Amino acid sequence: MKNLFYAFAGTIMALLSFTACNQVQHSHHQDSAALTPDTIIHYPQEKHLAHVKQLTFGGDNAEAYFSFDDKMISFQAKNKAWGSLCDQIYYFRFADGDMKDTIPTLLSNGLGRTTCSFFMPGDTSVLYASTRSGGDACPPEPKKRKDGKYVWPIYEDFDIYVANLKGQLIDTLIKHPGYDAEATVSPQGDKIVFTSDRSGDLELYTCDIDGSHVHQVTHQLGYDGGAFFSPDGKMLVFRASRPKTPEEIKTYKQLLKQHLVMPTQMEIYTCNVDGSNLKQVTHLGKANWAPYFTPDGKHIIFSSNFAGTRGFDFNLYMCDLDGKHLERITYDNTFDAFPMFSYDGKKLIFSSSRNNRNQHGINLFIADWKP
């Protein structure tokens, strides 16, 4: 979910291209074939999806999450046509149709870089992370490394704010020296989970809905992020890296000192909200991330490139809570991620590069969910 961190829509596209170049060597012809204009919105193999509808039509759009009443979404977008030069937070009402000819409402005021928005209980306000305390401009992105490996920035200025639907800040919910971002809200509306480096590592924390009673959830070395609550609010699902060899540990710690993380090796984990009963769900290799519980709480949907041959071909998969009965959900040949179910369990929203007509970008799609 997140960071993007976890998770940033425009950053993800960079991840895809860099990963493709570094894991597999292709000829120019093969690369061109991978970007063949795609005019498909719904692939016939996608039996769990029906009435797929495209909501955005340009730029990079990601991390769209439903309001509690399922009538709206908040999401982050980088779209020059909308005036956003780096990820900004928007919200959109489904009653307005789609965003082909309409610019959604900007909530983040175009200040700094933002990520990971989520509706607060009552649907009159949205929390999101922003670097605005470090300046109004978009912060610089990491330079391309000489070794070609891709890294995510962990901006120290990220704090978590709450704004009303007019974009007016009404609270600085979580502010601490260092990175605080990737926040989501329990379906019960009582707790928030977020990622922070306040301990010296990237760990999960929970707090009450007003930001009080902060509790550290994870304690193992590695990046823990993009967490979501189960439908009953008792469990968390998240992505995590677990460096194990001396060289992996050294690299992880060196990058963290530079406020960077390498997201190419991640697996899906679950735990109770207090951190107990920690379990690794997937053992697939490569990048497994953007997990979300299915409406019945018995399965997890997530994005992975484990079966890909090019490194950047991510699809959605679903498995049991123990990782068994793995099932492929989407069949796009480039990128599908950031799935979220509506609270009534009837809809799935996700980000995809399908129907991109040879353009580099990620759009939002919504579909009826067929269990």
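# Close-up views of a predicted model

**View 1. The link of Cys86 and Cys138 is left-handed, with -85 degrees about the S-S bond.** Cys86 sits in strand 4 (residues 84-93), while Cys138 lies in the loop between strand 7 (125-130) and strand 8 (152-153), so the link ties together distant parts of the chain, 52 residues apart. The S to S distance is 2.2 Å, and a disulfide here means a pair of cysteine sulfur atoms within 2.5 Å. This is a predicted model, where local features need pLDDT of at least 70 and side-chain atom pairs count only at pLDDT 80 or more, while totals for chains, interfaces and linings use all residues. Residues are numbered from 1 along each chain as its sequence is written, and side-chain values use heavy atoms, with hydrogens and water left out.

View 2. Buried means under 20% relative accessible area, exposed over 50%, and partly exposed in between (1.4 Å probe, protein chains only). The structure holds one disulfide.

**View 3. Step back and the protein chain shows three helices and 26 strands.** Both are DSSP runs numbered from the N terminus: helices are H or I with at least four residues, strands are E with at least two. Of the 371 residues in the protein chain, 57% are buried. The accessible surface comes to about 15,200 Å², and 52% of that belongs to carbon and sulfur atoms. These areas come from the Shrake-Rupley method with a 1.4 Å probe; for residues, only the protein chains shown count as cover.

**View 4. Four strands make an open sheet in the order 2-3-4-5, with antiparallel pairing.** Strand 2 (60-66) and strand 5 (105-106) are at the edges with a single partner strand each, so one side of each has no neighbour in the sheet. Strands pair if DSSP finds at least two bridges between them. Strand 3 (residues 72-79) and strand 4 run antiparallel and are joined by seven bridges. Look for Ser74, which stands opposite Tyr91 in strand 4.

**View 5. Strand 9 (residues 159-164) and strand 10 (residues 169-174) run antiparallel, joined by four bridges.** Tyr161 faces Thr172 in strand 10. The hairpin has four residues between the strands, and Gly167 takes a positive phi near 90 degrees. The charged end of Arg132 sits over the ring of Tyr161, 5.8 Å from its centre. For that label, NZ of Lys or CZ of Arg must be within 6 Å of the ring centre and within 35 degrees of the ring normal. Arg198 does likewise over the face of Tyr205, at 5.4 Å from the ring centre.

**View 6. The structure holds 25 aromatic pairs.** One of them joins Phe75 and Trp82 edge-to-face, 6.4 Å centre to centre with 70 degrees between the planes. Phe75 is buried at 0%, and Trp82 is buried at 17%. Phe92 and Phe94 also pair edge-to-face, at 6.3 Å centre to centre and 90 degrees between the planes; Phe92 is buried at 3%. Rings of Phe, Tyr and Trp (its six-membered ring) pair if their centres lie within 6.5 Å; planes under 30 degrees apart count as stacked, over 60 as edge-to-face and the rest as tilted. Ring pairs also link Tyr65, Phe118, Phe228, Tyr292, Phe341 and Trp369 into a cluster.
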